[in-house]
Every structure is written in structure tokens, then in C-alpha cells.
Amino acid sequence: MMNPIYLDYAATTPMDPEVAQQMAACLTLEGNFANPASRSHRYGWMAEQAVENARAQMAKLISSDAREIVWTSGATEANNLAIKGVAQQHSAKGKHIITSAIEHKAVLDPCEYLSAQGFEITYLAPQADGTVSAAQVQAALRSDTILVSLMYVNNELGSINPVQAIGELCRAHGVLFHVDGAQAVGKMPVDVQAHNIDLLSVSGHKFYGPKGIGILYVRRGVKIAAQIHGGGHERGMRSGTLATHQIVGLGAAAQMSQQLLATEEAHLSALRAQLWGGLQGIEGVTLNGSAQHSVPGILNISFAGVDGESLLLSLADLAVSSGSACNSATMAPSYVLKAVGLGDDLAHASIRFSMGRFSTLEEVNQAVGSVGTALKRLRETAA
Ligand SMILES: *Cc1c(COP(=O)(O)O)cnc(C)c1O
């Protein structure tokens with residue numbers, strides 16, 4: 001059987017071959033393998049130079065200073081460091097945190113943890129299009145609010161939050177603003193200066209870099225408590241020997257994404273339009289998320305009147321994500337889709353198509369065909 005068509009780029013991307021090549025050059029004795037913290041020999045200096053080069057590449061992608069980049073193992077760790085780090089550092093000022101109900105678990109779980117430690121969390125309900133407005137944040141702000149944490153782009157819906165306006169509001173109220181940028185960075189312009197972001201989480205494997213590496217951008221002057229202690233790397237904010245190969249891979253991915261940004265946005269917009277154009281005419285098909293404020297790589301669609309599990313089974317030639325999340329033994333409907341107003345059945349009968357750098361028009365056309373055939377068959381057997 002042929003491999004299914006990969007339409008799950010929001011879950012992870014394959015590495016760009018160029019990235020893999022640069023990483024491979026950082027592994028063996030002949031390569032740049034040393035500990036970047038080794039100050040007493042040439043091997044160490046070379047590794048440090050590679051790390052600092054990657055730091056500059058990463059910083060450039062988000063318009064920050066290289067000294068504001070803290071390497072982490074990914075966006076999950078970056079979110080933990082940002083949220084717990086701010087909470088622990090600033091608890092004397094207040095214990096109130098604002099987030100939304102449709103954040104990634106890597107934000108919701110740290111918030112839940114803090115809630116058990118005596119912090120108070122406000123979970124804003126998203127609007128029907130999957131975004132949170134600045135007015136909603138404003139209404140939730142209190143004198144003891146220390147942090148607002150919201151995602152730039154929702155990983156299930158593709159909806160884009162008005163980050164710049166929310167950042168402006170937070171700045172005016174002296175409240176720190178953390179943004180989970182895992183689905184935005186490398187895919188759309190993200191500028192920590194212009195968008196008033198204090199802390200930004202980034203994940204390498206969401207934009208053609210390696211898994212197991214990411215960053216937390218920490219604006220100069222912002223104090224956070226370290227979560228991993230042991231040697232004081234990364235200006236004391238995140239200890240541990242720097243993974244040269246991972247870091248070099250992330251730097252290369254950042255540089256490539258920056259160069260390809262405009263081309264890729266156009267490419268993906270065309271594919272998304274083709275996909276939506278092919279599916280929207282089908283009876284019972286609705287778009288989840290925002291038609292206007294959305295990244296071009298993600299299209300989330302519900303199919304009314306069909307069983308979600310049967311739908312996914314009959315789309316075996318497509319590697320896509322469904323609106324069901326595996327919660328231990330049972331399949332639970334997506335909490336994101338439920339929060340934007342979908343019932344259980346419709347949430348289960350939803351599919352997230354996510355396209356990327358290597359997706360083609362032929363693949364999208366084939367996906368349209370598969371969905372059409374599957375729906376026809378499912379509705380015939382149901383009738
Ligand atoms: C993938 C993702 C994460 C987790 O990133 P890792 O680097 O895999 O830990 C966090 N938030 C969002 C929005 C994501 O899409």
C-alpha cells in the first residue's frame with residue numbers, strides 16, 4: 001500500500017534536508033561535536049561559535065536581540081518556564097493569571113499546577129472564530145494580575161489572536177505577556193518588538209527543524225525563576241549542556257523559514273483555497289475557526305451527519321488529525337472544538353488538514369477526492 005498523504009504538518013514537520021545536513025556535521029569527532037561550554041580548547045570554541053551563530057539566526061526571525069534567546073527542549077518546556085517562572089518570581093505582586101480555554105495542554109497543565117499552589121487562573125472563553133479579543137483580556141485584568149498567556153495561533157483551528165493589541169494592553173497595565181508561538185513562528189511574521197511580547201515560546205519541529213529543541217524569548221529586564229538548576233547555563237534561566245546539533249538545526253530552520261516566508265505563505269494559501277474550494281460545496285461541511293484571521297497551512301472542517309470514527313477509518317489514505325483526542329482509554333471530543341461551540345458528535349466528525357513546505361496541489365486534489373468518496377459512501381450506508 002502507498003504511504004498516506006501527509007497532511008498533518010501542524011502536529012510536526014519533517015526536517016528540511018538542508019537542516020539535517022547541518023546537524024549531521026555536529027556529531028562526530030570530525031565534526032563540531034564539542035561542549036560549547038568548554039573554554040579551554042579549540043573544539044569548545046568552535047561549538048560555542050556554532051551555538052551563537054544559531055542564536056543570532058533565531059533572534060533575527062523574531063526581531064529580538066540574541067541575548068534574549070534561552071534554549072529549551074521545545075515549546076512545552078518553554079511554556080513551563082515562562083508560566084511557572086513568572087508565577088514564582090512575581091507572586092509577591094499578585095497571584096492572578098489570565099489565559100484561554102483553548103490553549104495547548106503545555107499551557108493549561110502548568111496553569112492547573114499553579115492553581116493547586118494557590119494561584120488564581122482566569123480561562124477566557126474564545127469567540128466563535130477561535131480568537132480572544134483585547135476587550136476580553138481588558139475585562140479580565142485585575143490589580144493582582146501578573147501574567148497574560150495566550151497562543152499566537154491555535155494548533156487545531158489555525159485562528160490568529162490579535163497579539164499586538166493584547167500586548168499593548170498588557171504593557172499599559174504593567175502585566176507580563178507570554179505568547180505560545182509554536183504554530184506561528186516560521187509560518188507568519190512574528191516580531192516581539194512590534195507585537196509587544198515579553199515572553200515567546202518557539203518549537204523547532206513545527207517549522208522544519210529538529211524535535212527536542214525550542215526557545216523561550218525573554219525580553220531584557222524581565223525576571224523569571226529558573227525551573228532547571230545545574231550549572232547556570234543560559235544566564236541562569238535554563239541549565240544543561242547545550243545540544244549543539246539541535247541548536248544548529250533550529251538556527252538553520254529559522255534562517256530558511258525567514259527566507260521562504262513570503263513564498264511559503266503564497267504556496268499554502270493557494271493550497272488551502274484549493275482544498276476549501278473542493279470541500280465547501282459538499283453538504284453538511286462547515287469551517288471551524290476564523291475565515292479571515294487564520295494561518296494558511298491549517299484548515300479545520302466538520303462533516304455533519306457522519307460518524308467521526310468511520311470517517312477517519314475511510315480516510316486511511318490521508319494522514320490527518322481528527323477532532324477526537326485519545327484520553328487514556330476513551331476518545332474524547334476536542335476541548336478546543338467544544339469551546340468554539342461544537343457538540344460532541346460534530347467535534348468527533350471534524351478533521352484538521354494541515355499543509356506545509358512539501359505539500360503539493362496534486363496531494364490536495366487527491367485529498368478532496370478521497371473525502372468526497374468517503375462521505376458519499378458513509379451517507380449511503382447510513383441512509
Ligand atoms: C506543538 C505545540 C506545543 C508543544 O511543542 P513541543 O516543542 O512539541 O514541546 C506547544 N504549543 C503549541 C501551540 C503547539 O502547537
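Biologist: How is a polar contact to be read in this predicted model, and what is the case for the side chain of Thr12?

Modeller: A polar contact is a pair of N or O atoms within 3.5 Å, where, within protein, one must be able to donate a hydrogen and the other to accept it. Here the side chains of Thr12 and Lys211 form such a contact at 3.1 Å. Thr12 lies in the loop that joins β1 (5–6) to α1.

Biologist: Is Thr12 buried or exposed?

Modeller: Thr12 is buried, because its relative accessible area is 16% and the cut-off for buried is under 20%.

Biologist: Which residues are around the ligand, and how do they divide by class?

Modeller: The residues around the ligand include Gly74, Ala75, Thr76, His104, Met151, Asn155 and Asp180. By class, the shell comprises three nonpolar, seven polar and two charged residues.

Biologist: Which side chains have an N or O atom at a stated distance from a ligand oxygen?

Modeller: The side chain of Thr76 places an N or O atom 2.6 Å from an oxygen of the ligand. For Gln183 the corresponding distance is 2.7 Å, and for His205 it is 2.8 Å. Taken alone, the ligand exposes 380 Å², of which the protein buries 87%.

Definitions and conventions. Residues are numbered from 1 along each chain as its sequence is written. This is a predicted model: local features need pLDDT of at least 70, side-chain atom pairs count only at pLDDT 80 or more; totals for chains, interfaces and linings use all residues. Side-chain values use heavy atoms; hydrogens and water are left out. A residue is near a molecule or strand if one of its heavy atoms lies within 4 Å of it. Accessible areas come from the Shrake-Rupley method with a 1.4 Å probe; for residues, only the protein chains shown count as cover. Ala, Val, Leu, Ile, Met, Phe, Trp, Tyr, Cys and Pro count as nonpolar, Asp, Glu, Lys and Arg as charged, and the others, Gly among them, as polar. Helices (H or I, at least four residues) and strands (E, at least two) are DSSP runs, numbered from the N terminus. Buried means under 20% relative accessible area, exposed over 50%, partly exposed in between (1.4 Å probe, protein chains only).
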